[in-house]
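Hi,

Have a look at it first, then read on.

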Amino acid sequence: MATTSFTAPKLSSPTFQTLCRNLPLSLPIPKTLSSFSFHLSPFLSRFHLHHHHPTPRFHPRRLFAVRAESENGAEPLRHYDFDLFTIGAGSGGVRASRFAANFGASVAVCELPFSTISSETTGGVGGTCVLRGCVPKKLMVYASKYSHEFDESNGFGWKYDTEPKHDWSTLMANKNAELQRLTGIYKNILNKAGVTLIEGRGKVVDPHTVDVDGKLYTARHILISVGGRPFIPDIPGSEYAIDSDAALDLPSKPEKVAIVGGGYIALEFAGIFNGLTSEVHVFIRQKKVLRGFDEEIRDFVGEQMALRGIQFHTEESPQAIVKSADGSLSLKTNEGTIEGFSHIMFATGRRPNTKNLGLESVGVKINKNGAIEVDEYSRTTVPSIWAVGDVTDRINLTPVALMEGAALAKTLFQNEPTKPDYRAVPSAVFSQPPIGQVGLTEEQARKEYGDIDVYTANFRPLKATLSGLPDRVFMKLIVCAKTNKVIGLHMCGEDSAEIAQGFAVAVKAGLTKADFDATVGIHPTSAEEFVTMRTPTRKIRQSSESQGNMGHEAKTAAGV
Ligand SMILES: Cc1cc2nc3c(=O)[nH]c(=O)nc-3n(C[C@H](O)[C@H](O)[C@H](O)COP(=O)(O)OP(=O)(O)OC[C@H]3O[C@@H](n4cnc5c(N)ncnc54)[C@H](O)[C@@H]3O)c2cc1C
């Protein structure tokens, strides 16, 4: 549904009458205007006269960007510089701004100057994902995977006269050149969409005004999409620790690194540094890594990573970092002290960038973790101010920020109120081996559905038969016993992120185990296991805990 439509005129519409009352007499109304009907969403209950666009470009919808601030005529007319002013040009901000501009809105976005390390004063167009998250991280994962592949290759007949050498500075230079290219592409995307990009730090002054380094801009709507930044707990010596921003841009290879934290970022960096031949120690407060993930996946990935040489220190909390005269670092925990680290990285969570944004003073509610509270449409407690992405701390992933940004643009400028849909959001951990998942964990499924059937497979993949390495794959399907729907799918093993993305469509669509069974496999792959799991490993029934443990299904040899 669009803001305007070419159907029969609805001149009696109260909205149209109100609009006409509010139009100044001198306003040149396009002749064709009377032949359009106005279907305005509840979100567009306030209209203003769109009078100014700093980068004027013809757009058919602009003809209809004629808005008055007040419907009852009591308030004076207000003129805004922009329909939408976005603070933060990361995943969510760029998506919302670009879509809004494509829907005919006049849009500006402000972003901090570029740097690989984020701070109160530095950032860069593209945001965390492009400059300090998904992209550089994945490039580092690619770099680090070769060592395992060199090991695998021996069993396939490859011989190296000398050990392959890795040149750290080549990797960093190529990675940074790629980041520069990407930030340029993002600027271009905004420019092409007609979005005005302003470099500087944005701050909210009132419900319709943003200050960017001393210059004021007014907007009918303000979007806060400032993301978050890594958080290092305040312990003695924490100034010697690095965070994920710095870990992605080290001038040289860390010889021996401690990683504090058991979340996905910690595991990904453990894999990266291990693959690039650093000695890696991971310190976690809990017994297992990846809190919130399926329990069997948590166990499996921990075991596989340990087999690749990563040393896990479980139930150990850091208490202090001490720097020795030779420059090496010691990590003191509740269990003792480990010495000789070249680097200590904290991957202990991220905090929303809501400090010094002027939000509280205009009435935007912020929760105790610093995240902005929003309703299902991403609206804050101030009606003209909206927020998407990590700053709202819903699901902190790039595709989710994109979804929220796109939904908001539709809500505000396409007369199509749209709630982001958080059901069956797939995700991956680019650990080595990686994890892919969609839907519920077994623990969540038990709670939510009671009766479930669980199918698991734990096998040696074909590649490992010749490589001789101890690599294995773990796969799991969780099925609702009542409806036969597949409600959870989990995998840890090579290519699991790619595989889970494909199967996520089936889980999101609510397909049943019978649909999976009716699908022909692709052979020989690991993925085919998801369509050939015939016998449940266990049946969980509310009445009786479990009807026997049938054990993992063993993947049989080629084609059998
Ligand atoms: C190491 C790491 C790895 C990750 N890996 C993945 C992954 O593999 N897959 C995945 O989906 N997600 C991943 N993420 C998460 C992902 O990066 C975020 O969920 C995503 O970037 C959130 O987008 P956003 O728009 O909310 O915020 P951001 O992308 O953080 O953008 C916010 C922008 O606002 C700017 N800004 C802040 N304050 C101001 C201000 N006052 N004025 C102007 N500009 C301001 C910042 O400079 C920044 O550019 C990873 C994150 C990290 C840290």
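A word on terms before the numbers: I call two residues in contact when heavy atoms lie within 4.5 Å. On that basis, residues 24 or more positions apart account for 64% of the contacts in the chain with a separation of 6 or more.

Two caveats. This is a predicted model, so local features need pLDDT of at least 70 and side-chain atom pairs count only at pLDDT 80 or more, while totals for chains, interfaces and linings use all residues. Residues are numbered from 1 along each chain as its sequence is written, and side-chain values use heavy atoms, with hydrogens and water left out.

**Overall**

The chain has 14 helices and 24 strands; these are DSSP runs numbered from the N terminus, helices being H or I with at least four residues and strands E with at least two. Of the 560 residues, 50% are buried. Buried here means under 20% relative accessible area, exposed means over 50%, and partly exposed is in between (1.4 Å probe, protein chains only). The accessible surface of the chain comes to about 25600 Å², and carbon and sulfur atoms hold 54% of that. Those areas are from the Shrake-Rupley method with a 1.4 Å probe, and for residues only the protein chains shown count as cover.

Which elements give two or more residues to the shell?

E8 (residues 215-224) is mostly covered, with eight of its ten residues buried. I count two strands as paired if DSSP finds at least two bridges between them.

- E3 (residues 82-87) runs parallel to E8 over five bridges, with Leu84 opposite His221.
- E7 (residues 209-212) is antiparallel to E8 over four bridges, and Thr209 stands opposite Thr218. In their hairpin, which has two residues between the strands, Asp213 takes a positive phi near 45°.
- E18 (residues 385-387) is parallel to E8 over three bridges, with Leu223 opposite Trp386.

Three strands form an open antiparallel sheet in the order E13-E14-E15. E13 (318-323) and E15 (336-341) are at the edges with a single partner strand each, so one side of each has no neighbour in the sheet. E14 (residues 329-333) pairs with E15 over four bridges, and Thr333 has Gly336 in E15 as its bridge partner.

**Two residues to look at**

Asp294 is in the loop between strand E11 (279-283) and helix H8 (295-307). Buried or exposed? Asp294 counts as buried because its relative accessibility is 0%. The Asp294 side chain reaches the backbone nitrogen of Glu296 at 3.1 Å, and one of its polar atoms lies 2.8 Å from the backbone nitrogen of Glu442. Beyond neighbours within four places in sequence, the contacts of Asp294 include Lys476, Ile478 and His490.

Val204 sits in strand E6 (residues 202-206) and is buried too, at 4% relative accessible area. Val204 and Gly358 are 154 residues apart in sequence, yet 5.0 Å apart from C-alpha to C-alpha. Leaving out residues up to four places away, Val204 also touches others, among them Ile87, Ile222, Leu359 and Val362.

Cheers

Definitions and conventions
A polar contact is a pair of N or O atoms within 3.5 Å; within protein, one must be able to donate a hydrogen and the other to accept it, and residues adjacent in sequence count only if both atoms are side-chain atoms.
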